[in-house]
Structure formats: C-alpha cells, structure tokens
Amino acid sequence: MFSAPPGAQFPANIAPPGSPLASPAGFGPSVPGTLIPQGQIPGANLLPASPTQLPSLANRAPALAPHAVAGNGVPDSVLSVAPAFEPRSGGVVQGVPQQIGAPVAPQAATSPFYFLSDGYGHPSAGTTPAISPPGQVLPPLPLAGEGWGEGGSVQSYAGVPSPQPLTPTLSPEGRGSQPQFYFVDAVPLAGGGQHPPFDVHAVRRDFPILQERVNGRQLVWFDNAATTHKPQSVIDRIAYFYEHENSNIHRAAHELAARATDAYEGARERVRKFINAPEVEEVIFVRGTTEAINLVAKSWGGQHVGEGDEIIVSNLEHHANIVPWQQLAAAKGAKLRVIPVDDSGQVLLDEYRKLLNDRTKIVAVTQVSNALGTVAPVKEIVELAHRAGAKALVDGAQSVSHMRVDVQDIGADFFVFSGHKVFGPTGIGVVWGKREVLEDMPPWQGGGNMIADVTFEKTVFQPIPNKFEAGTGNIADAVGLGAAIDYVNKVGIENIARYEHDLLVYGMAQLGAIPGVRLIGTAADKASVMSFVLDGYTTEEVGHALNDEGIAVRTGHHCAQPILRRFGVETTVRPSLAFYNTFDEIDRLVSVVRRLAGRRRG
Ligand SMILES: Cc1ncc(COP(=O)(O)O)c(C=O)c1O
C-alpha cells in the first residue's frame, strides 16, 4: 500500500527534473529572496512592509502598481528587534503559570536550515545543517501494488503505478536503536533534485503547542485532519501585523493602510505560487473550504445549474462538499449523483464514467478524503468531467499540507482549501478559479470593497478577486496564511510528503497488526489518515483512553457520514498525521490501543 508518497501515482504531481517546479525559481524553499514578478498584483504595492524599510508614501508608486520585492513580510532587520520574536524570558510562555507553561526553545539556534530568509518569519541562524546518519541498510516496506489487509498483512493491489518506489528511511523493525533524527534526504527524491534534510525534532521546536502537557504526558497531536498547529513564525507574523501594520486595506491614504495592503496582497501572491496558479487575481480569500464551496455553488451553480441538470460528487466527500450541492440541487430541481468507492476506499473510475452525461454541469471531488485518507485521482476525474462538458471543483482541504498541489496540472476550474489545515490560522481559506470562469460569475455577496461604483440605480463591481471579497476580510489571518506557506516551503513539501509517507506506512502496519483493529480506508494511495475501529470498544472509549495518555485523536463521523456508512460504521477513531509527528508518538498510540485490545470485552 501507498509505497509511493501520496499523490505520486500521477507523475506530474511530482516535479520532474529541470521543470519549473523542481527548480528553485518555482519552489519557494530554496530561493531566499525570490522576486515576485512585476505587473501581477491586484490593488497591491508589494513594497516591504516594515517601518524601517518603507519608503515614504510620497515615494510610493500609485497604490495599484506592483513592485518586485522579496515579499510582503517583515525584514530580518525588523525581526531581530521586534519583541514578538525574542525568546521568551525564562523559557516560559507569557501569561501561563510557570508549572503549566512549557519551555520554548530559543529558535534561532535550533532550526538552521529551513528558516525564512525573506524576512517573513524567524531570522536565520546560518549554522550548518544537521547531517543525516550514515547509510542505513533498511528492510523494505510494501512496494507498489501492495497494500495492507486486515490485521496488517500485506496484500497485492493490481495496477498501482509507482513511478518512484520509495525506499523507506526508517523501518518499523529497526526502531529502538535508531538515532533520534528521521531524515529523508538519504532517499533519492523525485526529480533527483537537492533538497534540504528533514529534521523532525527541529521542526517540532517551531511549534510551541507541541510542548503542552495533557494528563501529565507530553501532548501527541494526531488530530491534524481537523486542524493543524501553528509554527511560531505564523504566530509571530500575526502579532507583528497587529503591532505594526493593522489597518483596513485598499482604501485609505495613510501609511498603515499601505502596509496592511502590502501584507494582504503579498499573502495572496504566496497562495498563488504555492498552488501554482497562473494569475494572482484568480486567488480569492474566504473563511475556509466550507465558505469556498458555498461561494462556487451559490454563484457559479446559481447561474449555470438548472432543472434536470446533474451534479456529481464522490462517496468520499466531507459534508462541506455535499450539502451546498444538495441545497443547490433542491433549489433548482437538479440531481446529485455519487461516484462509488471500492472496498479500499478508492473511487471507481469506471462507475464515474457511467455517471457523466450531457446533463452533468459540475463534478466536485475531494483530493484527499478526511475520513479515510484516500488520495483520489483528481486529475483523471477532472479530465473526464471536462470531456463531458462539465466544470470541475477539487476540494484540497486535506491535500495541501501533505503533497504538492499544482492547479494547472490538476486542470480543475476551481480548487479550494482552508488555511487552518495547512499550519495557518482559522477563519481564512481560498477559492482559486480560472480567470474566465470567475469573470463570468456573479458576486455572491454584496457590500463594500467589491464595488467600483454605486448609485441607487445600480452598482458596478470590481474585477476579480475583489468582486468576491465583500466587506472587510480577514486581513491578519490572510497574512498569517502567507507565513504558513513560507514555513511549508522552507521545510519543503516533497520532504514533508516523504516523511509523512514513512510515518503512515509504519502507523498503518502497527495498528493493523493489533488483533481486533479494523482499518477503515486501505487505498493504495493514501495520505495522513489512519481511521480504525476496535472490537469491543466504542470509538469514544478508545478516544478517551488515548486522551488519558495525552494523545489527541478525533472520534466520530468526521463530517463524512456517507463514506463511513459505506463501510458499515457510524464512527471511527481517526489519528491523522502531520510532519511534526514522530515514530515514537505512533508507538505511544499503538501501545494504548494494544493494551485496550488485550483487555477486550467479549
Ligand atoms: C475534505 C474537507 N473538505 C472540507 C472541509 C471543511 O473545511 P472548513 O471546516 O475549514 O471549512 C474539511 C474539514 O475537515 C475537509 O476535511
């Protein structure tokens, strides 16, 4: 099972050598100070937003003129003096009693090789990167075409392409004597490019909340599919915004409005680059994935879906990608049709083909299932939708933090995601849409910011993206999302995908080997999620037992009732991984579940 990193069945998802994606210019982490191209930023002057580097307003270009600068962030020179970036005194989180507040390691000295160098986060210490352990001989994990069966056995899967079979860097069997570092740079990475080493312990030091203690134990956060934690650079970037830049955007003639606009539009550009969107105006800020899908259903759907038309979703969908379409279908007299999945939880493409016809108006599918972890073949799904004359929306809520997303490669008309699931703040998310599709859509909300001219007779709307951003948006958290993207870029999304893949293979094997555990979702291509049920226990009981040991998992229906019912369950226990999780944490989870299984009630 998933012997390649998530999404790797589509070679195009992994940048080939020499491609723009593999090259530093297309890939944030290795290019400190990459210039934002001129002439692309709407309503923005991407001048540096720091008090020390801002030219006077008189010297500024007109507010709409973009400038080629490194970014919308905070220059190193400012970071080094800004109080928000100083190590906490006494290593104690401010405002938290000493015995509760966890020590926070001074950061500049500990994570030298992926810190932000463009001034949007921590200063770089410039020290030598940690070195991978000398070549280890490691037994193989399941190869392409194999997967995990009940009880952790390896099964064969037919036809699972694996362009880049992964040699694991760390075997389950070899644990215990392993060093405390988990590097993936020993693995030949897709494209053969040079990537920085991945040091999970250095990464963990960037997430203060991971030092929390719960029920006397160090917190283990396995609820990443619900929300992810925030690195210090994101927390600090938001604080910096409120300390130095806070203003409404786009309108005022004063300095702080210019800074806030810089920061907000700079974040938009970061999103554009992160998902490889062609144009920054195609990136619309919303509250999250739910609002994003509602925007598309209300605006595009309201205009283009009529009586007798059909909307296709998959059985895997989160309620957020079911309910808005259901509401639209009910309002318009249209029909919702569902792509079924096989027993591993992968969508059945042949069945999908049979659903498509000339009444199909839009196909809306998740890229990664939040309940099962299945990575759906979205590129193929989109292509088939387009061949049928339909539009396609891809829900990237669970994909963007685990794999490289290239919206041009996927080819959908819309791609949506939430900031809080990719180490950014809550309350901010993204709709990306193709320019021609967005331009043809009516606004879905009316108010300030989205208008060019208003009389009592009529309103002229702003062009995209402002047309879809009525009212004062979540400015600070958009800026925080920009910082989160910087952070992910610095770690390197391919490094993240590979490390998480090893974790997932290990976790699935360990959990699947426990008698009485039934893994729900065993597709060959998976990311992050290890849903299971345990004989003799309710999922809540398992969740409580884990919480008693400081381990946070989600139990319940995960807002995805249809897919759980497909597997004959109403709820599961759902540990979900992020790149700051460790093999030791999986061992802690497994030992609790094993203990429960050993005491199983008849
Ligand atoms: C696949 C998927 N889609 C949509 C959503 C909704 O995201 P949000 O609650 O951030 O709007 C989620 C959240 O869990 C999800 O996992």
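Student: How much accessible surface does the protein have, and what share of that surface belongs to carbon and sulfur atoms?
Tutor: Please keep in mind that this is a predicted model. The accessible surface of the protein comes to about 22100 Å². The part of that surface that belongs to carbon and sulfur atoms is 54%.

Student: How many helices and strands are there in the protein, and what percentage of the residues is buried?
Tutor: The protein contains 15 helices and 19 strands. A residue counts as buried when its relative accessible area is under 20%. By that cut-off, of the 602 residues in the protein, the buried ones make up 59%.

Student: Which polar side-chain atom lies 2.6 Å from an oxygen atom of the ligand?
Tutor: The ligand is surrounded by 14 residues, and among the closest are Thr290, Asp395 and Ser418. By class, this shell holds 3 nonpolar, 9 polar and 2 charged residues. A polar backbone atom of Thr289 is 3.3 Å from an oxygen atom of the ligand, and a polar side-chain atom of Gln398 lies 2.7 Å from a ligand oxygen. The polar side-chain atom at 2.6 Å from an oxygen atom of the ligand belongs to Lys421.

Student: What percentage of the area that the ligand exposes when taken alone does the protein bury?
Tutor: Taken alone, the ligand exposes 390 Å². The part of this area that the protein buries is 85%.

Student: Why do the buried residues of α8 line one face of the helix?
Tutor: Helix α8 covers residues 378–387, and its buried residues are Val378, Ile381, Val382, Leu384 and Ala385. Their cover includes α7 (349–355), β9 (360–366), β10 (391–395) and α9 (407–410). When the helix is seen down its axis, the buried residues of α8 line one face because they fall within an arc of 165 degrees.

Student: Which two residues does a cis peptide bond join?
Tutor: Most residues other than glycine have a negative phi, and most peptide bonds are trans. Pro465, in the loop between β14 (459–461) and α11 (475–491), is worth a look here. The cis peptide bond, with omega of about 5 degrees, joins Ile464 and Pro465.

Student: Is Ser528 buried or exposed?
Tutor: Ser528 lies in the loop between β15 (517–519) and β16 (532–534), and has a positive phi of about 70 degrees although it is not a glycine. The relative accessible area of Ser528 is 5%, and the cut-off for buried is under 20%. Ser528 is therefore buried.

Student: What is the relative accessibility of His558?
Tutor: His558 is found in the loop between β18 (554–556) and α14 (561–566). His558 is not a glycine, yet has a positive phi of about 60 degrees. His558 counts as buried, and its relative accessibility is 7%.

Student: With which residue does the side chain of Glu585 make a polar contact of 3.1 Å?
Tutor: Glu585 lies in helix α15, residues 583–598, and is buried, with a relative accessible area of 5%. Leaving aside neighbours within four places in sequence, Glu585 is in contact with several residues, including Leu219, Val220, Phe222 and Tyr580. Glu585 and Leu219 are 366 residues apart along the chain, while their C-alpha atoms are separated by 9.3 Å. The side chain that the polar contact of 3.1 Å joins to that of Glu585 is the one of Arg204.

Technical notes
Residues are numbered from 1 along each chain as its sequence is written. This is a predicted model: local features need pLDDT of at least 70, side-chain atom pairs count only at pLDDT 80 or more; totals for chains, interfaces and linings use all residues. Side-chain values use heavy atoms; hydrogens and water are left out. Helices (H or I, at least four residues) and strands (E, at least two) are DSSP runs, numbered from the N terminus. Buried means under 20% relative accessible area, exposed over 50%, partly exposed in between (1.4 Å probe, protein chains only). Accessible areas come from the Shrake-Rupley method with a 1.4 Å probe; for residues, only the protein chains shown count as cover. A residue is near a molecule or strand if one of its heavy atoms lies within 4 Å of it. A polar contact is a pair of N or O atoms within 3.5 Å; within protein, one must be able to donate a hydrogen and the other to accept it, and residues adjacent in sequence count only if both atoms are side-chain atoms. Ala, Val, Leu, Ile, Met, Phe, Trp, Tyr, Cys and Pro count as nonpolar, Asp, Glu, Lys and Arg as charged, and the others, Gly among them, as polar. The arc is that of the directions from the helix axis to the C-beta atoms. Contact means heavy atoms within 4.5 Å.
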